[in-house]
Amino acid sequence: MVDPGAGPNEAALAVAARHALHDEEQVAALATGNLEDEGDVARARQLVDRCAACRELHQDLEAIGGALRAGARFTATAPRDFRLTADDARRLGGTVSTRGFLARLRGSLVGIARPLGASMTALGLVGLLVGSASLGGAASAPLSVDSTVNGSPAAPGENNAGTRSVSPLSSDRSVALGPGATPEEGAAKAGDPSESDGDPGRSPAALLLGGSLGLLAAGLILLGLAFRRGRRDRAPA
Amino acid sequence: MEDLRATTVTDDPVQRRDLILLERAREGDLAAFNDLVVCYQDMLFALVVRMVPDRDSASDAVQEAFFSAYRNLAGFRGGSVKSWLSRITINAAMDAQRLKKRRPADPYPELEDDTWQPPADASADPVTTSLTAERHRALNNALAQITNDQRTAIVLYDVEGYDYAEIAEMTSVSIGTVKSRIHRGRLALRGLLVERMDLFRG
């Protein structure tokens, strides 16, 4: 509190001393509309309401903000002509046509990326289904042949898979060697997978599966790129 | 390369004109690019000279911005040509500020801003016009004396009307830093203008 008996200078000094403790930045932030926290806004408001110097500062800052915004309507004349000469253009953009061509090419590639990616993905999925079905068929067919060859068709309810390997690899090998093959021949043949006709790594179904996986991956990559590009183009400049 | 007129649907005739000129410039038409230069050179110079108050440096920055725009025509991704040019120019102005900072022996001269034109719709009252011009001159002089970072933030926010997020992206700082540069910059302006605040009050 200012002593009522003090002179005007002392009163002003007391006000100035009190104001010196106030956070001017908070008042400035309030004037700029930069305060988000409710507590900060309330504190700044309190300063403006209770302190004459803070109030004056707030008013001045608002006036400066208004003058700055009004100044936007002032225009200045460029002191020189900034148009490019043919020499400038040659120096800067000698490759404009090349770059234009590349950009055009990239644009057209981007244009077909989405449909191409979708087609490749669909083809890849179909290939995967067909390949899986073929491989599944190839795996189950030798099993039944084998059962017949050994002269003991699986009895209903008998766990055939438990006594024989369910692996299509071993079934195929049994068939390829034939019933007359000796165990040594079989072992030698089994030891060299590259010689096996039934190696799924070489079968058309496995090739189809591999190709389809590749197609699917390429399609998904293309779709991803097209999607990213689309999002970037939709973003404001 | 996409057809900009096809990808950007706009009813704004100015933007449509800009996109047509830009499309032609991308096809190698220098005259079309120069038409864009003529349309925007004053506006961009006014923007740069607020950020770089030395007129020669500001001119160089604007010229560099147009060079850069010509080199990067293929990089235009649609939207507003004016915004695209403004962003390139702001980058050129910030480069000019950095160059100026490296040569502190060459201080900013006082702004001889007689070339500033008052708003076309300003009141015909000569007293008001004179007061507005005087206020503008005082403000520009004060702006020239605050730090580059504060000036850039204030010009982009108050004069050019960008929002905090856009300024943060353009100047590669956080939104909080942008806000603090703006209100500290205004405080600094008030400190410089404290003797002349009567021009701004009421």
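Select helix 2 (residues 24-32) and helix 3 (residues 38-50) of chain A, whose axes come within 9 Å and cross at roughly 105 degrees. Axes here are lines fitted to C-alpha atoms, for helices over the stretch in contact, with angles running from 0 to 180 degrees between N-to-C directions; helices (H or I, at least four residues) and strands (E, at least two) are DSSP runs numbered from the N terminus. Helix 2 of chain A is therefore roughly perpendicular to helix 3 of chain A (65 to 115 degrees).

The model is predicted: local features need pLDDT of at least 70, side-chain atom pairs count only at pLDDT 80 or more, and totals for chains, interfaces and linings use all residues. Residues are numbered from 1 along each chain as its sequence is written, and chains are lettered from A and ligands numbered from 1 in the order in which they are written.

Next, display the residues between these two helices. Gln26(A), Val27(A), Ala29(A) and Leu30(A) of helix 2 meet residues of helix 3 including Asp40(A), Val41(A) and Arg43(A); contact means C-beta atoms, placed from the backbone, within 7 Å. The contact comprises 7 nonpolar, 1 polar and 3 charged residues (Ala, Val, Leu, Ile, Met, Phe, Trp, Tyr, Cys and Pro count as nonpolar, Asp, Glu, Lys and Arg as charged, and the others, Gly among them, as polar).

Now show both chains. In chain B, 54 residues are in contact with 43 residues of chain A. Helix 3 (30-51) of chain B is among the elements that give two or more residues to this side, and with 10 residues it provides the largest share. The side of chain B that touches chain A divides into 27 nonpolar, 13 polar and 14 charged residues.

Ala67(A), Leu68(A) and Gly71(A) make the contact with Arg135(B), His136(B) and Leu139(B).

Move to Tyr157(B), in helix 7 of chain B. Tyr157(B) is buried, with 24 other C-beta atoms within 10 Å (buried means 20 or more, exposed 12 or fewer, partly exposed in between, with C-beta atoms placed from the backbone). Tyr157(B) touches Tyr162(B), Ile167(B) and Ile182(B), not counting residues up to four places away in sequence.

Finish at Ser172(B), in the loop between helix 8 (164-171) and helix 9 of chain B. Ser172(B) is exposed, with 8 other C-beta atoms within 10 Å, and its phi is near 55 degrees, a positive value in a residue other than glycine. Most residues other than glycine have a negative phi.

Definitions and conventions. Parallel < 35°, antiparallel > 145°, perpendicular 65-115°, else oblique.
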